[in-house]
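Student: I'd like to go through the ligand site in this model. Can we start with the contacts?

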Amino acid sequence: MIVVTGGSKGIGRAIIDKFAEDKKNIVVCARNLDALAQVKSEVEEKYGVKVYTFSADVSKKEECTSFIKFVKDIDETVEVLVNNAGVFVPGSIHDEEEGAFEMMMQTNMYSTYYITRGLIGDMIEKKHGYIFNIASVASFMAYTNGGSYAISKHAMLGFSKCLREEMKPHNIKVTSVMPGATYTASWAGVDLPEDRFMKSKDIADLVFTAYKLSDSACVEDLIVRPQLGDI
Ligand SMILES: NC(=O)c1ccc[n+]([C@@H]2O[C@H](COP(=O)([O-])OP(=O)(O)OC[C@H]3O[C@@H](n4cnc5c(N)ncnc54)[C@H](OP(=O)(O)O)[C@@H]3O)[C@@H](O)[C@H]2O)c1
């Protein structure tokens, strides 16, 4: 079974499709119930797998805790966790809206920390598991409109590095996925052709390829950009 946070759209949804194609059952959370219901019906019908949905706002610790309980109550092993839920509000540290820092740290970073801690114990016990953290090229570079988003994604990369070291003796792999611009709702309203962006499926294909490598190999960092570079 694979757990994807924020999997009702965009990159998370593409990752769900990729693993469902491989006959993995799916657990997915997001806030919008209708979007979750749509993922469930489409993926179950197309791939014949089970999709468990849960409405949670992962920017809130108590909702992360409820989601963790929901996952643990399903009588199946979590083989892969994809920390994907995230929000991007462009801005600059010196003048972005008050609260932007807290909102993006809570949604992007704190949720990753809470949900990983909540689910990793069973992986450690089984000596088997894989965690993908969907970070960003903003995890290692400065952009003028990066603001608190970039801070939260830098934190995710640090989190990933530390966790990978900790998990080596436990046979759990940790990969930081750092995409550049990928065509999803995050880019709504931008006046650029769709083919200037990567596709969500490109990211999902990379994640799945990393997952399929032999037990001896761990893809530590995945950096991928649009063919014409950053936007
Ligand atoms: N698109 C890019 O260019 C790009 C580049 C680099 C990295 N990334 C990263 O990739 C990840 C996915 O991005 P995306 O572009 O695919 O986003 P997206 O299309 O906007 O989808 C975001 C998903 O996360 C869910 N979500 C958002 N806030 C949430 C919250 N507080 N609690 C629970 N679920 C939440 C959304 O559902 P609800 O709205 O219903 O909650 C949706 O399912 C993010 O971490 C993003 O930072 C994206």
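**Ligand site**

Tutor: An oxygen atom of the ligand lies 2.8 Å from a backbone N or O atom of Ile11, a polar contact (a pair of N or O atoms within 3.5 Å). This is a predicted model, where local features need pLDDT of at least 70, side-chain atom pairs count only at pLDDT 80 or more, and totals for chains, interfaces and linings use all residues. Residues are numbered from 1 along each chain as its sequence is written, and side-chain values use heavy atoms, without hydrogens and water.

Student: How far is the polar side-chain atom of Lys153 from an oxygen atom of the ligand?

Tutor: That distance is 2.9 Å. For Thr184, a side-chain N or O atom is 2.5 Å from a ligand oxygen.

Student: And how much of the ligand's accessible area does the protein cover?

Tutor: It covers 93% of the 880 Å² that the ligand has on its own (Shrake-Rupley method, 1.4 Å probe).

Student: Switching to Ile16: buried or exposed?

Tutor: Ile16 lies in helix α1. It counts as buried because its relative accessibility is 0%, and buried means under 20% relative accessible area (1.4 Å probe, protein chains only).

Student: How far apart are the C-alpha atoms of Ile16 and Val3?

Tutor: They are separated by 8.8 Å, with the two residues 13 apart along the chain.

How values were computed: Polar contact = N/O pair within 3.5 Å; in protein donor to acceptor, adjacent residues only side chain to side chain. Helix = DSSP H or I, 4+ residues; strand = E, 2+ residues; numbered from the N terminus. Buried < 20%, exposed > 50% of the residue type's maximum accessible area, 1.4 Å probe, protein only.
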